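Keep the viewer open as you read.

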Amino acid sequence: MTASSPRTTPSFPRTSPPTAVGGAVPLPMPKFAAAARSALADTGQRRSLRVAVAAAREREAAAAAELSDWDELRETGRAVGDATLLDLDAHLETLERAVTEAGGTVHWAADADEARAIVTGLVRAAGADEVVKASSATLREIGLTDALADAGVTVHETALADLVVRLGDDEPSHLLSPALHRDRAEIRELFLRNMIMSAPPADADSGSEAGDGTASDDPAALAAAARAHLRERFLRARVGVTGANFLVAETGTLVVLESEGNARMCATLPDTLITVAGIDKVVPTWADMEVFLQLLPRSSSGDRMTPYVASWSGVTPGDGPRAFHLVLLDNGRTRALADEVGRAALRCVRCSACMNVCPVYERTGGRAYGPVHPGPIGAILTPQLRGVDGAAEASLPYASTLCGACADVCPVKIDIPEVLVHLRGLVVESRRRRPVPTPELALMRGLAWTMADPRRHETALRRGTRWARLLSRGGRIRRLPGLLGKWTEARDLPAPPAESFRAWWTRSRT
Amino acid sequence: MTSAGGPVGAGSRAEVLRRVREALGGARGPRPPVPRRYARRLTDAEAGTRADVLALFTERVADNRAAVRHVSADELGTAVAAALWGREARQIVVPADLPFGWLAELDGVRALADAPAVDIGTLAAVDAAVTGCAVAVAQTGTIVLDGGRAQGRRALTLVPGYHLCVVHADQIVGTVPEAVERLDPARPLTWISGPSATHGIEMVRVEGVHGPRHLEVLVVED
């Protein structure tokens with residue numbers, strides 16, 4: 001009866017065994033390069049990804065080009081973001097006061113554990129055993145769906161792509177289009193298997209894999225099936241859970257942009273509405289929305305305006321939920337805030353424009369970046385929210401060619417390459433004092449020792465040259481031995497000349 | 001801030017604020033000014049006259065895959081009836097304060113006034129909703145509802161499959177900043193730019209996922 005398939009083993013090991021409400025969020029464990037390997041090997045998926053992001057890129061570029069004041073809007077977006085962060089404490093307190101005055105309740109969660117516990121407690125207090133949930137990276141970040149499921153609450157994913165991801169027991173691959181890695185035939189398959197749609201009446205055994213030959217895989221038919229499937233769940237739901245795009249401090253107003261109507265449903269039909277939002281979503285005034293309501297739609301879907309923008313302040317008698325709870329989430333954001341360079345990432349409005357222009361993303365897709373924040377922005381956000389101690393987080397700042405295309409399109413002018421380089425520095429720094437140095441660090445230390453003394457340097461040069469020439473074939477070295485072999489995995493090395501410059505100098509001057 | 005469930009999160013209020021203050025440090029330096037050099041009005045090139053603004057609105061609504069027609073005030077009743085007839089709507093829901101004249105020409109269509117509030121099952125069963133709006137934006141082809149006169153509560157324009165919206169010409173502004181200025185954020189707002197749509201499958205656009213499948217706008221020129 002539920003939209004969820006039996007949860008199978010996740011493809012990546014978890015950090016710690018899943019427990020009840022306090023359980024760990026599933027985290028991406030492999031390093032970026034390892035996680036990207038399977039996506040890179042899938043040529044079919046690479047082709048569809050390339051087509052999809054190219055189309056999105058064009059739509060966004062056209063939408064931005066249409067406004068003659070686009071650069072002025074971006075500059076204001078940047079400045080509002082920076083100014084907000086500098087007084088974040090004051091804005092949060094203003095927001096809390098305004099939401100409370102408008103009839104809402106504000107909760108504060110220091111981390112994902114606490115956010116899950118708050119939401120689970122609120123759902124229980126409302127006496128509900130199921131919730132309708134709108135798409136939100138923040139809800140995914142805190143692992144809410146699994147926590148509620150563990151607490152015996154059925155979670156209905158209501159965005160079409162989220163439903164697909166959930167049915168396939170996957171990680172999302174794109175911020176705006178999380179099921180980008182599934183084609184229509186696979187989605188039809190998932191829908192049939194989970195009884196979201198049935199095969200034509202000619203075939204009695206609608207759920208079986210063998211008998212689904214004629215059910216349409218036309219996207220319109222699939223969307224219609226999802227609409228019918230979710231409709232009754234919306235109508236009976238007593239609790240809705242959503243994220244938010246913006247929190248207007250001055251007026252206590254929450255703003256959500258979406259196109260399907262499912263977030264409006266979640267925010268309007270149930271008796272109780274629970275919204276979880278990062279503390280970075282605050283903007284100071286309602287007037288600031290005139291900037292972000294132009295920047296975000298054009299940068300994300302390439303629409304002049306997203307089909308639906310819904311906003312509410314607390315509760316409105318006779319219209320919508322009777323109880324409204326806002327959960328403000330830190331979960332690493334203050335860690336990012338403490339870094340004067342890295343905090344720029346907190347300006348992010350989650351538009352996904354950086355993904356669609358990224359040459360790395362275009363090839364690897366989103367899942368290699370981990371489950372929450374894909375693409376270039378994820379490469380700077382995830383290591384900051386979670387720290388760079390883990391190998392996976394530490395690999396993300398390197399998942400880039402530093403070409404700068406992301407910075408050029410960012411509607412709030414986040415200089416992603418600058419932050420990437422800064423984070424690479426932090427990664428190296430954090431490993432400097434480890435008891436066992438990284439191979440790279442050991443090599444660099446060895447080199448430093450060798451080159452610090454002219455005699456050592458010359459000896460090493462002489463010997464190295466001899467060995468290198470032995471390894472070469474036709475003037476090129478195709479494979480270096482041992483750990484150095486990683487260098488030659490993707491490139492050849494020219495063989496060194498028979499005589500070094502230093503040797504020649506000494507010989508010809510004496 | 002401590003009602004149901006409050007105490008759980010209240011515990012971390014001080015902690016989160018402390019972390020924010022610690023992250024920002026004691027001396028935060030001068031606040032850089034926020035430049036606002038973007039356009040607040042349409043330029044003459046975009047729309048020099050009032051007629052141009054209306055024409056732009058019409059063009060952009062159509063771009064958003066909504067049907068749009070211009071009618072005069074005395075044609076409105078007929079136009080509403082014709083639009084509903086065109087979609088074969090037999091039963092519709094309307095806000096209780098919808099001007100009577102808008103529905104004067106209905107023939108064979110049952111209109112339910114949302115007072116007392118119709119239950120959700122009924123709302124899901126009706127064919128259409130007819131409302132007015134608070135503001136409309138020419139540059140983006142957007143209508144904005146704020147629950148005010150002739151608009152009703154939010155569910156009315158969300159659950160039925162077809163939304164027919166009447167826009168008076170004087171409600172149309174040029175730009176998003178003008179609309180934001182006119183709207184009161186204390187009211188629940190819904191900005192609508194076309195029918196419900198998804199790019200969820202292969203980034204192909206499909207209309208009518210959860211919200212209304214069809215949006216039609218009647219622009220009344222007085």
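This is a predicted model: local features need pLDDT of at least 70, side-chain atom pairs count only at pLDDT 80 or more; totals for chains, interfaces and linings use all residues.

The angle in question is about 40°, with the axes of H16 (residues 375–386) and H19 (residues 416–432) of chain A 10 Å apart. H16(A) passes H19(A) in a left-handed crossing. On the H16(A) side, the contact is made by Pro376(A), Ile377(A), Ala379(A), Ile380(A) and Pro383(A), while H19(A) brings Ile416(A), Val419(A), Leu420(A) and Leu423(A). That contact has 9 nonpolar residues, with no polar and no charged ones.

Now for the largest nonpolar core, which has 199 residues; Leu328(A) and Val167(B) touch the most other members. Helix H5 of chain A (residues 112–125) gives the most to this core, with 7 residues. Take a look around Leu328(A): leaving aside residues up to four places away in sequence, Leu328(A) touches Leu92(A), Val106(A), His107(A), Trp108(A), Ala109(A), Ala277(A) and Ile279(A), plus Val16(B) from the other chain.

What about the chains as a whole? Here, 65 residues of chain B are in contact with 94 residues of chain A. Several elements of chain B supply at least two residues each to the side that touches chain A, including helix H4 (120–125), helix H5 (176–182) and strand E9 (189–192). The largest share, 14 residues, comes from H1(B). By type, this side of chain B splits into 33 nonpolar, 20 polar and 12 charged residues.

Conventions: Residues are numbered from 1 along each chain as its sequence is written. Chains are lettered from A and ligands numbered from 1 in the order in which they are written. Axes are lines fitted to C-alpha atoms, for helices over the stretch in contact, and angles run from 0 to 180 degrees between N-to-C directions. Helices (H or I, at least four residues) and strands (E, at least two) are DSSP runs, numbered from the N terminus. A crossing is left-handed if the near helix is turned anticlockwise from the far one by less than a right angle, and right-handed if clockwise. Two residues are in contact if their C-beta atoms, placed from the backbone, lie within 7 Å. Ala, Val, Leu, Ile, Met, Phe, Trp, Tyr, Cys and Pro count as nonpolar, Asp, Glu, Lys and Arg as charged, and the others, Gly among them, as polar. A nonpolar core is a set of buried Ala, Val, Leu, Ile, Met, Phe, Trp, Tyr and Cys residues joined through C-beta atoms within 7 Å. A residue is buried if 20 or more other C-beta atoms lie within 10 Å of its own, exposed if 12 or fewer, and partly exposed in between; C-beta atoms are placed from the backbone.
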